[in-house]
Amino acid sequence: MTSVTIGNSVQSIGDSAFLQCSNLNFVIIPDSVKSIEDYAFYGCSSLTSVTIPGSVTSIGENAFANCSNLTSVELNNDYVVSSFSSVFSDIKDTITSVTIGKGVQSIGENAFSGCSGLQSITVSGDNVNYKSENDVLFSKDGATLILYPAGKTDTSYSIPDNVQTIENNAFEGCSSLTSVTIPDSVTSIGNNAFANCINLTSVTYNGILEPKFSNSNTVFEGCAVEKVVVPTNYKEETFGGKEIDKTGAKVNLTGTCGDQDDNVRYTFDGETLTISGSGAMFDYSNASDVPWNAYKDSIKSVVIENDVESIGNKAFNGCNNLTSVTIGNGLQSIGNGAFDGCSGLQSINVSESNANYKSEDGVLFSKDGAILILFPARKTDTSYSIPDSVESIGNNAFEGCSSLESVTISDSVQTIGNNAFANCINLTSVTYNGILEPENSGSVFVNCSKLT
């Protein structure tokens, strides 16, 4: 028997149905079939390809095992959530191509483990969960690199810039690879991601912060690579448990951070974050949504160039090591919470030609001096007298100013915002020179434990 056509009424191909049919080289499995049982095609050594229809929801152990000439498998179902290698055991190293149809919804971890001959993975363009690029398997949005085929013959590979996660075992056993470039977009790398890439000698990482590793000791296990080339402004001491070689180019991260109709961009060189272009920055709902979120702890200074019209909500929230902010002449508004949590901020400097804001001794005010907007949290002054021009002290204006011991509030102040002096832990003296209490929310001096 060299070929078989299974009838459209058949729902299950039973245990050992075609066991050891060594001359069988062609089979059509109809859409009526829901299950392929254990050993169904075991030992069909002349079978070179098989298409599994979308109706199939389960495939038994060793269903295609010992099909020694089977090189191509097309999957149109969801069974891949189980182990691919258990279904095709004993021949997993001979399979060279896998086609994934539009119906596949999940692929289990290690599903293609041990498929050392696999050279290409092709995904239907109609699949809403996965895609393939250059024979490599990705999540549909490209954010996760799932599998680089172990038998792919390319000697070098540059991971696409939009990849954020490299899955467990993604490159395991890729014996042809000698060099890999990892972009700065990658924030996590799984266990054994590059394990047993025995000829991998060159790894370049283009970021300045080490990604999160599931286990840094196993990332390059069994690889020949000794050092990872990183940028000169790389912030860490190692990469994935390997020594580093700071001979790479200094990183300049760039991208957009403006509203849809505006041309506002950011550049980060490892220390200074520059906002440039023209128009308004985007307002962020969460501090973690900013495009420089992964680098917050490395930001030491922020420069807002002249044609930028607004700083977005929460734009620099939580930049703990930010020490200085420079604001150009075109800024018109500063969003809510833009500098909240900037506990290391020492000074704010505003262009004298700015029509909306000014700075005095590193403190941020409205242009007319009527609103004190922000007193930098790490400013080292132990005492401060609020200028007589100030009528309003903004929300959180002095929050977290741990050096301040005494403050004098002028009689010109009419309103004091929420948490204006919150967490000023060393504040012991407050003097108010007016006769009527300013309007306030009642939460002005929260956690000022030394103030009685």
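How many positive and negative side chains does the chain have, and how far apart do the centres of the two sets lie? In this predicted model, there are 21 positive and 50 negative side chains, with 4 Å between the centres of the two sets.

Let's turn to the overall build. One helix and 37 strands make up the secondary structure elements of the chain. Its radius of gyration is 31 Å, whereas the globule rule gives 22 Å for 452 residues, so the chain is more spread out than a compact globule. Along the principal axes, the C-alpha atoms fill a box of roughly 105 × 50 × 45 Å.

Here are some whole-chain values in one place:

| Property of the chain | Value |
|---|---|
| Buried residues | 46% of the 452 residues |
| Contacts with a separation of 6 or more that join residues 24 or more positions apart | 39% |
| Accessible surface | about 19800 Å² |
| Part of that surface belonging to carbon and sulfur atoms | 40% |

Now for the interior. In soluble globular proteins, nonpolar side chains tend to be buried together. The largest nonpolar core here has 38 residues, and the members touching the most others are Ile13, Ile29, Ile36, Phe41, Phe64 and Leu137. At least two residues of this core come from each of β5 (49–52), β7 (72–75), β8 (97–100), β9 (120–123) and β12 (144–147).

Leaving out residues up to four places away in sequence, Ile13 touches Ile6, Phe18, Ile29, Val33, Ser35, Ile36, Glu37, Ala40 and Phe41. There is also a second, separate core, with 36 residues, including Val290, Ala315, Cys342 and Leu345.

Key. Residues numbered from 1 in each chain as written. Predicted model: local features only at pLDDT ≥ 70, side-chain atom pairs only at ≥ 80, totals over all residues. Heavy atoms only, no water. Core = buried A, V, L, I, M, F, W, Y, C linked by side-chain atoms within 4.5 Å. Buried < 20%, exposed > 50% of the residue type's maximum accessible area, 1.4 Å probe, protein only. Helix = DSSP H or I, 4+ residues; strand = E, 2+ residues; numbered from the N terminus. Contact = heavy atoms within 4.5 Å. Rg over C-alpha atoms; globule rule 2.2 N^0.38 Å. Areas by Shrake-Rupley, 256 points an atom, 1.4 Å probe, with all protein chains shown as cover. Lys, Arg positive; Asp, Glu negative; His and termini not counted. Charge placed at Lys NZ, Arg CZ, Asp CG, Glu CD.
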